[in-house]
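Please look at the model shown below before reading on. The text then walks through it in steps.

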Amino acid sequence: MLSLTALLLIYSTIIVPENYKTIQEAVTNASLDDTIIVSEGNYKENVSVTKPVSIISRKGPEFTTVRAAVPSEPVFKVSNVNNVAITGFTATGSLLSGIYLYNSNNATITDNKTVKNGRGIILYGSSNNMLTGNSADANKKYGIYLESSHRNSLVKNSASSNNDNGIFLSSSSYNNLTDNNVNHNTWNGIILWDSSNNTLKDNRIWRNRFGIVISGGGNNTLINNSTWSNIYVIMPLILAYIGIISYLVQRRVLQTIYRV
Amino acid sequence: MFIFTNLSITVASIGIVLAATSFISGLQLVRSTSASIEGMIHRANGYLTIILFIVLTLIAISSSMINMAALLLPLTGLAVFLVKLWIIRRHKRLLKYVSWMGGTLITIWLFVFYVNIPV
């Protein structure tokens, strides 16, 4: 909240829908480095961002949904621009992608839910971006897809229950994937395709067809990633054993009560 | 660590404990001399598992992303349970099959546990 207040003081602020009815109108009329605050509600539009602005929802993704008006286009498309921030939206309904960074660098994508799109988040030819706390779940293909994108950080995101791969890195290098939940995807959890020098650390990659797949590329570093928690294998046996003990205890208690 | 991080896995775990208790007491009920005590344990734990099946069904329905397995398994368990009750109350000649149904219920609980592992 403090950082938001600081932003408001430094740059001019546009409020949607008070100043402009749609997010796209606000972006079109914004100056460089402006902040666009979006009030809660449902917005049906495709937002194209071609200048460095921060688009922030006032109440977070649970209350602020942007649905693609044109399903063949991304909900948010950031093209050929640096230093964009998108924070706190639910982006849904696109056959292509919830958030699409095209040739864009140094963007900050935080706390968004990109669900039920073709792909959750796409980075194409985009570098040095920060993706934190996003949910890219239940998409038709990939949760998060990087192609020819380098030195990006993916931290504490969720890419689960997607109909293909959770996180897909294609020809992308020096990316850092840390503390992400990549679970229950139909195909691979994380796939590194022709990608080198990436670091995967502390990710949970459970119940996918394959956990981590590395095809081509090299020199990738995998540290402390878990593909299954062993406790769930033996837990039912422990519980059944507790059930037998529970039976013996109940029997003894009832025998004592009824003096049988 | 991440064992009981959601309600479904907690309910499923309790269900396995109760189902195992009920199953063992059911087996003992057939040969026990103190049939009334075995019967009490069997019925009490068994009826509690019905409630848990219903709770799990409601959780699956209320979930924003409905998992068909998480929905169908407790419903299947309820169906097996009702058939078992129907046999016990109305068709005593089919009693020899109820221990198999009890085993089926244990197996269903194992699947219920598996599908509800938090992800």
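What follows takes chain B, the interface and then one serine.

The model is predicted: local features need pLDDT of at least 70, side-chain atom pairs count only at pLDDT 80 or more, and totals for chains, interfaces and linings use all residues. Residues are numbered from 1 along each chain as its sequence is written, chains are lettered from A in the order in which they are written, and side-chain values use heavy atoms without hydrogens or water.

Chain B has four helices and zero strands (DSSP runs: helices H or I of at least four residues, strands E of at least two). Of its 119 residues, 46% are buried, meaning under 20% relative accessible area with a 1.4 Å probe, protein chains only.

At the interface, 25 residues of chain A are in contact with 26 residues of chain B (heavy atoms within 4.5 Å). The two chains bury about 2400 Å² between them, 76% of it on carbon and sulfur atoms; buried area is the accessible area (1.4 Å probe) lost on being put together, summed over both parts. A:R207, A:Y232 and A:Y247 supply 28% of the area that chain A buries against chain B. One salt bridge is found across this interface (a side-chain nitrogen of Lys or Arg within 4 Å of a carboxyl oxygen of Asp or Glu). A:R251 and B:E38 form a salt bridge at 2.6 Å, N to O.

Within chain A, A:S94 sits in the loop between β9 (90–92) and β10 (97–102). A:S94 counts as buried because its relative accessibility is 1%. A polar atom of the A:S94 side chain lies 2.7 Å from the backbone oxygen of A:E73.

Note on methods: Buried < 20%, exposed > 50% of the residue type's maximum accessible area, 1.4 Å probe, protein only. Polar contact = N/O pair within 3.5 Å; in protein donor to acceptor, adjacent residues only side chain to side chain.
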